[in-house]
Amino acid sequence: MTAPVPSEEPVKKIVIASDHAGYRYKRRIIEYLTQQGYQVEDFGTDSTESVDYPDFIFPAAKAVAAGQFERGIVLGGSGNGEAIAANRIKGVRCALCWNEKSARLARQHNNANMISIGERMVSLHDVYEIIDIWLTTPFEGGRHLRRIEKLDE
């Protein structure tokens with residue numbers, strides 16, 4: 001018997017954070033999501049001046065884990081460090097996304113409540129597609145739910 005798919009409310013509140021290498025895309029993503037009616041809160045950084053990504057990613061991930069935001073987006077040069085940092089927070093499932101398929105599977109199979117994107121790795125056009133898919137794709141539940149529950153134990 002497969003577990004039921006959890007019901008999902010539409011996403012309204014999104015937190016976003018970046019280091020210096022993801023700052024430019026972050027600004028564009030905030031504009032894009034705001035125009036679509038999402039409430040977006042920016043946890044920094046505020047320039048392209050070099051910073052340490054955990055200083056911005058940890059607070060964003062903690063806000064998602066605490067339920068203050070339904071989803072979170074983090075950005076860096078490659079997105080790897082940001083995904084690793086976010087995943088240190090219990091209750092966060094941050095997927096590194098580099099194309100539409102990785103975004104779709106992050107939701108369908110992993111119920112990712114955060115994504116990480118590398119500004120140096122993905123075109124801005126593709127970033128918008130990745131975000132749209134991630135925000136609208138439902139979690140499949142079933143065998144995937146059992147796996148997610150094991151992660152949270």
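Analyst: N111 is found in the loop between helix 4 (100-108) and strand 5; helices (H or I, at least four residues) and strands (E, at least two) are DSSP runs, numbered from the N terminus. The model is predicted, so local features need pLDDT of at least 70 and side-chain atom pairs count only at pLDDT 80 or more, while totals for chains, interfaces and linings use all residues. Residues are numbered from 1 along each chain as its sequence is written, and side-chain values use heavy atoms, with hydrogens and water left out.

The backbone of N111 has a phi near 50 degrees, a positive value in a residue other than glycine. Most residues other than glycine have a negative phi, and most peptide bonds are trans. N111 is buried, its relative accessible area being 18%; buried means under 20% relative accessible area, exposed over 50%, and partly exposed in between, with a 1.4 Å probe and protein chains only. A cis peptide bond, with omega near 0 degrees, leads from G44 to T45, and T45 lies in the loop between strand 2 and helix 2 (54-65).

The strands belong to an open sheet of 5 strands in the order 2-1-3-5-4, with parallel pairing; two strands pair if DSSP finds at least two bridges between them. At its edges are strand 2 (39-42) and strand 4 (94-96), each pairing on one side only. On average, neighbouring strands are turned by 25 degrees against each other, direction ignored.

Strand 1 (residues 13-18) is joined by 5 bridges to strand 3 (residues 71-76), and the two run parallel. Within that pairing, A17 has V74 as its bridge partner in strand 3. Strand 1 and strand 2 also run parallel, joined by 4 bridges, and here the partner of I16 in strand 2 is D42. From strand 1 the chain crosses through helix 1 (residues 23-35) to strand 2 in a right-handed β-α-β crossover; right-handed means that, with the strands pointing away from the viewer, the path from the first strand over the helix to the second runs clockwise.

Returning to strand 5 (114-118), helix 5 (residues 124-136) lies across this strand, strand 1 and strand 3, running at about 170 degrees to strand 5. Contact here means heavy atoms within 4.5 Å. Axes are lines fitted to C-alpha atoms, for helices over the stretch in contact, and angles run from 0 to 180 degrees between N-to-C directions.
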